[in-house]
Amino acid sequence: MELGFTTLPMLNKNLNDILEIASREGFTLIEILSEGPYAAYRLKNNNSLIKNLNNKGIEINIHGPDVDLNLASINDGIRKESIKQIKETIDIANVIDANALTVHPGKVGRKDKWLRDYAIELSIDSIGKCVDYAKETGKVKISVENLPERFNFLGNRIEEIERIQESTNSKITIDTGHANTCENCEEFFKLKNIEYYHINDNNGIKDQHLILGEGNLDINLLKHIHKGIIELNTCEKIIKTKEALKNMNLI
C-alpha cells in the first residue's frame, strides 16, 4: 500500500514543517487540505516549496474546499461560487503538479426524494464542469468522495456515487469511515475507478475519525486499498494509524 496523510491537523503549521513530517516518517503521498491558510490563492505563493515534495518522491493530492460550499446547491449563486472555487483549486493543482483533487458531491436541505434527485443532477452538472475544466487546463484528476450516512449528504449510497462518477468521467475517493456508517460498507471498496482512500475508523454510526482499531471497521477491507491517505485530526493519531497498518503487514 502507498501511504500518505492529510494536512487537516496541520493548518497551523507552515509547509516546511509538513514537508519535514512527510520525509521523516517515510510517507509517499500527501493530501493538502485547501481551506483557510492553505486555500488555493495562498498555496500559489508557496508553489516552489510544494514542488519540493515532488522532488522528494512524494505524490501531492489536494482536498478541495468544502466549508460553506455546495456543488449540488439549488441556490444558483452558491453553486456557481462553489464551481468557481474548485476551478481556482484546479489552477493551483496544475501549478504544483498535483495528481488528484478530491471534491464532495454536495448536500441537500430536505428529505424529499424529488429534491434529492434534483440535487444529484446539479452535482453531476457541477462536477462535470470541473472535470472538463481540469482536462482543458492540465492533467489533475477530479475524484468524488463518498459521504457519511446522513440524510442531507449526497454520495452516501452506492448507486449515487457510482452514477456521479460514470456521468462525469471522474474518479472516486473512498473514505473508509464514511463507508463504515453505511449498511453496505463492503460494497464501497468494490467500486471501480477508485483513485485513493481516506483511512480512518469509527463506531459505525458517527463519523468520528478514530485511529484504526478504535472503531469497528472491518480491518479485512483494508486489503483492498492500493493507495491511502490517513485522515485524522492530530499528527499523533496519524502516526499511530501508520503503526497499526504496519502491524497488519499492509505497509
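Visitor: How many bridges join β1 to β8?

Guide: In this predicted model, β1 and β8 run parallel. Within this pair, Leu3 stands opposite Gly228 of β8. The number of bridges joining β1 to β8 is four.

Visitor: Which residue of β2 is the bridge partner of Thr6?

Guide: Strand β1, residues 2–6, pairs with β2 in the parallel sense over three bridges. Phe5 stands opposite Ile30 in β2. For Thr6, the bridge partner in β2 is Glu31.

Visitor: Into what overall arrangement do the strands close, and in which order do they run?

Guide: The pairing between the strands is parallel. Neighbouring strands of this sheet are turned against each other by 25 degrees on average, direction ignored. The arrangement is a closed barrel of eight strands, in the order β1-β2-β3-β4-β5-β6-β7-β8.

Visitor: Which residues of β2 point the opposite way from Leu29, Glu31 and Leu33?

Guide: In a regular strand the side chains alternate between the two faces of the sheet. In β2, five of its five residues are buried, whereas in β1 four of its five residues are buried. Leu29, Glu31 and Leu33 point one way from β2, and the residues that point the other way are Ile30 and Ile32.

Visitor: Is Glu35 buried or exposed, and what is its relative accessible area?

Guide: Glu35 lies in the loop between β2 and α2. Leaving out residues up to four places away in sequence, Glu35 touches Leu11, Gly64, Pro65, Asp66 and Val67. Because the cut-off for a buried residue is under 20% relative accessible area, Glu35 counts as buried, with a value of 15%.

Visitor: Which backbone nitrogen does the side chain of Glu35 reach, and at what distance?

Guide: Asp66 is one of the residues that Glu35 touches. The side chain of Glu35 reaches the backbone nitrogen of Asp66, and the distance is 2.5 Å.

Visitor: At what angle do helix α5 and helix α6 pack?

Guide: Two packed helices are described by the angle between their axes and the distance between the axes. For α5 (residues 113–137) and α6 (residues 158–168), the axes lie 9 Å apart. The crossing of α5 past α6 is right-handed, and the packing angle is about 40 degrees.

Visitor: Which residues of α6 make the contact with α5?

Guide: On the α5 side, the contact is made by Arg116, Ile120, Glu121, Ser123, Ile124, Ile127, Gly128 and Val131. The residues of the contact divide into five nonpolar, four polar and four charged. On the α6 side, the residues are Glu160, Arg163, Ile164, Ser167 and Thr168.

Visitor: What covers the buried residues of α6?

Guide: The buried residues of α6 are Ile158, Glu160, Ile161, Ile164, Gln165 and Thr168. Their cover includes α5, β5, β6 and α8.

Visitor: In β7, which residue is the bridge partner of Ile172?

Guide: β6 and strand β7, residues 194–199, run parallel and are joined by four bridges. In β7, the bridge partner of Ile172 is Ile194.

Visitor: How far apart in space are Ile225 and Ile199, C-alpha to C-alpha?

Guide: Ile225 lies in the loop between β7 and β8 and is buried because its relative accessibility is 6%. Leaving aside neighbours within four places in sequence, Ile225 is in contact with Met1, Thr176, Phe189, Tyr197 and Ile199. Ile225 and Ile199 are 26 residues apart in sequence, and their C-alpha separation in space is 9.3 Å.

Visitor: What is the phi of Asp68, and is the residue buried or exposed?

Guide: Most residues other than glycine have a negative phi, and most peptide bonds are trans. Asp68, in the loop between β3 and α4, has a positive phi near 70 degrees. With a relative accessibility of 72%, Asp68 counts as exposed.

Visitor: Where does Asn249 lie, and what is its phi?

Guide: Asn249 belongs to the segment after α9 and is exposed, with a relative accessible area of 70%. Asn169, which follows α6, has a positive phi near 60 degrees. For Asn249, which is not a glycine, phi is also positive, at about 60 degrees.

Notes. Residues are numbered from 1 along each chain as its sequence is written. This is a predicted model: local features need pLDDT of at least 70, side-chain atom pairs count only at pLDDT 80 or more; totals for chains, interfaces and linings use all residues. Side-chain values use heavy atoms; hydrogens and water are left out. Axes are lines fitted to C-alpha atoms, for helices over the stretch in contact, and angles run from 0 to 180 degrees between N-to-C directions. Helices (H or I, at least four residues) and strands (E, at least two) are DSSP runs, numbered from the N terminus. A crossing is left-handed if the near helix is turned anticlockwise from the far one by less than a right angle, and right-handed if clockwise. Contact means heavy atoms within 4.5 Å. Ala, Val, Leu, Ile, Met, Phe, Trp, Tyr, Cys and Pro count as nonpolar, Asp, Glu, Lys and Arg as charged, and the others, Gly among them, as polar. Buried means under 20% relative accessible area, exposed over 50%, partly exposed in between (1.4 Å probe, protein chains only). A polar contact is a pair of N or O atoms within 3.5 Å; within protein, one must be able to donate a hydrogen and the other to accept it, and residues adjacent in sequence count only if both atoms are side-chain atoms. Two strands pair if DSSP finds at least two bridges between them.
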